[in-house]
Amino acid sequence: MSESETKNSSRILLGVTGGVAAYKSPEIVRRLTEQGAEVQVVMTRAAEEFVGVAALQAVSGRPVRRDMFDAAAEAAMGHIELARWADRVIVAPATANFIASLAGGFATDLLSTLCLATEAPITLAPAMNRVMWAHPAVQQNCATLKARGVRLLGPAEGEQACGETGLGRMVEPAEIAAAMLSKPTWLAPQLLAGRRVVITAGPTREPIDPVRYITNRSSGKMGYAIAVAAAEAGADVLLISGPVSLDAPAGVERVMVETAEDMFRASTAAAKEADIFIGCAAVADYRPPTAALQKIKRSAQEMRLDLVRSPDTLASVAAMPDGPFTVGFAAETENVSEHARGKLDSKGVDMIAANLVGPARGFDSETNALQVFWNQGSARIGEDTKLAVARRLIVLVAERFKAASRAGGVTQAAS
Ligand code: PMT
């Protein structure tokens, strides 16, 4: 991590805009300050309808800034000085109106002016009604901001203040504080800003009859961690997931699939729009050719199950003309590097991340370690939590993706 990334990393400017979720802002401040961060709150006029200035002042221990033309506040610290003071900016909640204003480059109040005047990384935690969130104008504004390196945290799914249920809730204060206080080598440079990354995760289920299926031990944790890390790095992430019991990570679009064929169809369609494809799913290599329509009865002493090969999603994506930069995984129980290098060639991928799997290793564990191979090199990522490993993998993938783009080996889906 460079000095500039660690220096003063706890000066956080919290922008609060006018949404119901603003009542949670004092909790964000409390969680940040109890970890030693200095927090300066800047509110819009509309935010004052939802949360008291006094509460935010009390928890932050600093006067709340509200007005561009407050002579006393400007004399203490002018707005440009304030923009320079911040190491990070988080706007939580960020309303549709604020998102539009930032995307349009308007400096209509103190907060929007600060966001234009700062060089600190900006994170937004959107909060609005689910229909507003899905509106093409909001989605387009978010895409514009992401392409400029603004990071979006959420929104989350769930019950909304308006009584509806869906995507649009502000992510919880604890999650916002954790995201702001983590030490992100991947965050500051926004390594994948403006890039579309498609990731597969979890197992597939191949039906035998209406109640039985073939599957494997994948929990989805590694693939989901990669989705989180890619989103942290500024990418627009689509997660194609087999059946797992994990929630969709905040700010990540998720499509659930069941079988290897579903995974193949969803992935090959999504890969056409992707810059980077990462195949972390444990896709069944073989499947019953057809599933019995009724439950198979326990009658014969022995029974045989015919299996046919399922389509190879990863190899197919790697073979797509003008396809994305493709990263595979290799799950090996022995001779890890030898088998992984073999898969790098046989599947025609740009990179392969190999992990040793076995009882309590790789599959359904909290930690992992990877050996990563590409044509001209390799790297080792030591044992750590799956999220820490995923973050290091994303840094490597971004580096190799950039090198391949420079060499003209990757078609750019986003500019
Ligand atoms: O989900 P967790 O519990 O966290 O566990 C993580 C993991 C161990 C599953 C993960 O780290 C991992 O290794 N994923 C790949 C598992 C796998 O299927 O490996 P493989 O060596 O059999 O396959 C090689 C590559 O081909 C993989 O990228 C796989 O997604 C892909 N593949 C395989 C078969 C197939 N029909 N289609 C594919 O795309």
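Residues are numbered from 1 along each chain as its sequence is written, and side-chain values use heavy atoms, with hydrogens and water left out. Because the model is predicted, local features are reported at pLDDT of at least 70 and side-chain atom pairs at pLDDT 80 or more, whereas totals for chains, interfaces and linings use all residues.

Helices (DSSP runs of H or I, at least four residues) and strands (runs of E, at least two) are numbered from the N terminus, and two strands are taken as paired if DSSP finds at least two bridges between them. On this basis, 5 strands form an open sheet with parallel pairing, in the order β2-β1-β3-β4-β5, and its edge strands, β2 (38-43) and β5 (151-152), each pair on one side only. Within this sheet, β3 (residues 88-94) and β4 (residues 122-126) pair in the parallel sense over 4 bridges, and Ile90 has Thr123 in β4 as its bridge partner. Helix α7 packs on the sheet, touching β1 (11-16), β2, β3 and β4, and its direction makes about 140° with that of β1; here contact means heavy atoms within 4.5 Å, and angles, which run from 0 to 180 degrees, are taken between N-to-C directions of axes fitted to C-alpha atoms, for helices over the stretch in contact.

Helix α7 (residues 110-117) also packs against α6 (residues 96-104), at an angle of about 40° and with the axes 10 Å apart, which makes α6 oblique to α7 (angles under 35 degrees count as roughly parallel, over 145 as roughly antiparallel, 65 to 115 as roughly perpendicular and the rest as oblique). In this pair, Phe98, Ser101 and Leu102 of α6 meet Leu111, Ser112, Cys115 and Leu116 of α7.

A further open sheet is formed by 8 strands with mixed pairing, in the order β12-β11-β8-β13-β16-β17-β18-β19. Strands β12 (253-256) and β19 (377-385) stand at its edges with a single partner strand each, so one side of each is left without a neighbour in the sheet. The twist from one strand to the next averages 15°. Strands β8 (residues 196-201) and β11 (residues 236-241) pair in the parallel sense over 6 bridges, with Asp236 in β11 as the bridge partner of Arg196. Helix α12 (residues 260-271) lies across β8, β11 and β13 (276-279), and runs at about 165° to β11.

Positive phi values in residues other than glycine include that of Asp322, near 55°, and that of Asp364, about 50°. Asp322 is exposed, with a relative accessible area of 65%, whereas Asp364 is partly exposed, at 45%; buried means under 20% relative accessible area, exposed over 50% and partly exposed in between, with a 1.4 Å probe and protein chains only.
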